[in-house]
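Thanks for coming. I will go through one structure, and please have the picture open while I talk.

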Number of protein chains: 2
Amino acid sequence: MKMNQSLSESCREIAVRARRASDGLATVHRDRKDRWLLQSAAALLTLSEAILAANTRDMEAATDLSAANRDRLWLTPERLHGMAEGLRQVAALPDPVGFVREGSVRPNGLEVRKVSVPLGVIFFLYESRPNVTADAAALCVKSGNAVILRGGKEAFHSNTAIYRILSEQLAKCGLPIDAVQLVPTLDRDAVGELLKLKDLIDLAIPRGGESLIRRVVAEATMPVLKHYLGNCHVYVDRAADLDMAERIVLNSKCQRPGVCNAMESLLIHADIAAKFVPRIGASLRERTVEVRGCEITRSYLPSALLATEADHAAEFCDLIVSMKVVSDTESAVDHIRRFGSGHTDAIVTGDLKAAQYFTARVDSAAVLVNASTRFNDGFELGLGAEIGISTDKLHARGPCGLNELTSYKYVVYGEGQVRD
Amino acid sequence: MKMNQSLSESCREIAVRARRASDGLATVHRDRKDRWLLQSAAALLTLSEAILAANTRDMEAATDLSAANRDRLWLTPERLHGMAEGLRQVAALPDPVGFVREGSVRPNGLEVRKVSVPLGVIFFLYESRPNVTADAAALCVKSGNAVILRGGKEAFHSNTAIYRILSEQLAKCGLPIDAVQLVPTLDRDAVGELLKLKDLIDLAIPRGGESLIRRVVAEATMPVLKHYLGNCHVYVDRAADLDMAERIVLNSKCQRPGVCNAMESLLIHADIAAKFVPRIGASLRERTVEVRGCEITRSYLPSALLATEADHAAEFCDLIVSMKVVSDTESAVDHIRRFGSGHTDAIVTGDLKAAQYFTARVDSAAVLVNASTRFNDGFELGLGAEIGISTDKLHARGPCGLNELTSYKYVVYGEGQVRD
């Protein structure tokens, strides 16, 4: 960023370069994009020392981070292998650009095709984990989009090292070098400046804590793909297999409690509460999960704290769960509609009617029957990879992979047809 | 609207009622929605006298409208038949709700379906033509959405009469009566109040002039489906069949010059300019079309006015066309990328390479080869009906029909699967 430019001018220049790169990228064939992905994967490993050295600088400066966040920031040779493997996996996915979504010949002979095209320019904002730099660049470029990356300040040196390698390989593969850019300053105002540029940037994707996302939504002039919260529920119905219910509850809560598709609220049918609440309470306690329950929960599980409304609405991202005994499936659905975040909700039941009622009425990005909430994920649902999860209803909902980073256009071939 | 409420309270109440209605509507089976459409079609004809009387009131008040706009406002028994037929056609279309867009069984046995669901609540703003009241309500309700209608003030009595009939039939068919609401005041501030309610309204669709659309985009807190302008191009390539080119140009420009997919700019390859410019110039003059051309155009067609940059960028919506001679397909594409509005652009050519270049590089909602721009239309492209045309890239692009008024959710059935 040149010193004699104002911040707003430099940000506009970044976006103009991205727009120009996206024009070039839109019609590039798959083989060149895949070659870039594979050569970048190789280069990340060949040049791993430079990345690890940059990461060490970040780690040394990150003295005030929590242990969990230090771990997220940390890069190891093994993690670099995972990052490279991620790029190779994206290379293996089908090209989403040029995919014919629908097509028909009209009665008058017009040949109509609805063809996937890139969105254009994506502004991707993320926190902490430096491997997201490579993941996001890979998904954006494979889908024909130019991307402007803005990582967390803790990971700045790591991100820059990774970005440089990706950028070098763009040049080597004959792709527009500005297809991937990293905002070269930590000035927070740069984010606001970029979010103003709706004529140059087609989509903003913030991935991180709720405050980052709220800021982006408040300031963005272009569409934003996002989810605010993942207050995910598991409802254990009267007709549930209780062994299965226990397995699903524990997996949903404990397998990775810090992620957005982890369970935060557990609803239990009153008819099985006397049996299931003490049982699941004991299993959760074994795994050091704190239970905050309703009055009925506490009558079966006296060790539970009393849940407040805020607890029922919370995304704890931690080993805490809110628990409530409900009188029937309808009450469970009402509770989810009131407190849920439209992210991921599951029912455990052997009763088909209850399952159908639940899947029809719960208005969330993913609704599961007899499966862990942790399955709401791009890999698990078959998208191959994801750049994030959306709880919006417009454009894309649920995990967003390569296809969700495209738009489409109608391409129509005729033989001189005109309208009557 | 009760007199003792503030405008903002009344608007919120409308939106709350719409939200509640949308909850009920989301799981209604197709037969009940279709019955409502067919009964409404019948009732529009049975009660046509009331509608025509209301329309007469509007017509009597509309003394300061242009002849064209008076014609748009005017309802006749024949036009009411057309309106009823429109509802019957929507009834005959497939139900977009519950449609499985994709589905698979994952390696671990999870059955994944991506199922179409309604968006929720749609705020639809439109100008003048009262038949749009019935069309928009039909498309929204058929796609399971509640709709808040806000028509033009000129058509207020006509719209209210039509709305009352639709509303009565909702009640008779056991559908939520608030599934269709008409903003019951002409206070312009009501629009601003409703556009604030992003928690209750999922999508705003403005259909009308550019100033209405710009106002909605500026004030809306929810997503907006829209196009600003239709500056549509026809490019007549060197390899064009000139008879076909003439037919397409005249149809694109003259068949209905006031609509968004009419041609506004004509580009002609230099190699055929000496032959084609005088010929098309004469044909356009016969149809009283005013030509504003570049210097080269004028060397072949001295009667043409000199085109300004503003002319090349304009959507005339009238019998005016801007014309430019270009040196090759690349220059034509560059011109369209610079001046176009991303709506509809066509090439006339017999050269496959030129057609492929044009369709790949022109980044518009619809790109046509050897066909009139007038085909960018929901009926013509096979969507059955349309609520509008989008030039946005997110969510929906081009004509928006029933499917574009839906979102989706992932419904996943398992047998107790958890993640490793």
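Which strand of chain B do five bridges join to β16(A)? That strand is β13, residues 366-371 of chain B, and the two run parallel. Keep in mind that this is a predicted model. One pair from this stretch: Tyr410(A) has Ala366(B) as its bridge partner in β13(B).

Now the contact between the chains. On chain A, 50 residues are in contact with 50 residues of chain B. Four elements of chain A each supply at least two residues of the side that touches chain B: α10 (242-254), α15 (352-361), β13 (366-371) and β16 (406-417). The largest share, eleven residues, comes from β16(A). Sorted by class, that side of chain A has 23 nonpolar, 17 polar and ten charged residues.

Next, the sheet. It is open, has ten strands with mixed pairing, and its order is β1(A)-β2(A)-β16(A)-β13(B)-β12(B)-β7(B)-β8(B)-β11(B)-β9(B)-β10(B). At the edges stand β1 (100-105) of chain A and β10 (305-306) of chain B; each has a single partner strand, so one side of each is left without a neighbour in the sheet. The partner strand β9 of chain B, residues 290-293, is joined to β10(B) by two bridges, and these strands run parallel. There, Gly293(B) stands opposite Leu306(B).

Last, two helices of chain B. Helix α10, residues 242-254 of chain B, lies across β16 of chain A as well as β7, β8, β11, β12 and β13 of chain B. Its direction is at about 165° to β12(B). Helix α14, residues 329-339 of chain B, lies across β7, β8, β11 and β12 of chain B, at about 140° to β11(B).

How values were computed
Residues are numbered from 1 along each chain as its sequence is written. Chains are lettered from A and ligands numbered from 1 in the order in which they are written. This is a predicted model: local features need pLDDT of at least 70, side-chain atom pairs count only at pLDDT 80 or more; totals for chains, interfaces and linings use all residues. Two residues are in contact if their C-beta atoms, placed from the backbone, lie within 7 Å. Ala, Val, Leu, Ile, Met, Phe, Trp, Tyr, Cys and Pro count as nonpolar, Asp, Glu, Lys and Arg as charged, and the others, Gly among them, as polar. Two strands pair if DSSP finds at least two bridges between them. Axes are lines fitted to C-alpha atoms, for helices over the stretch in contact, and angles run from 0 to 180 degrees between N-to-C directions.
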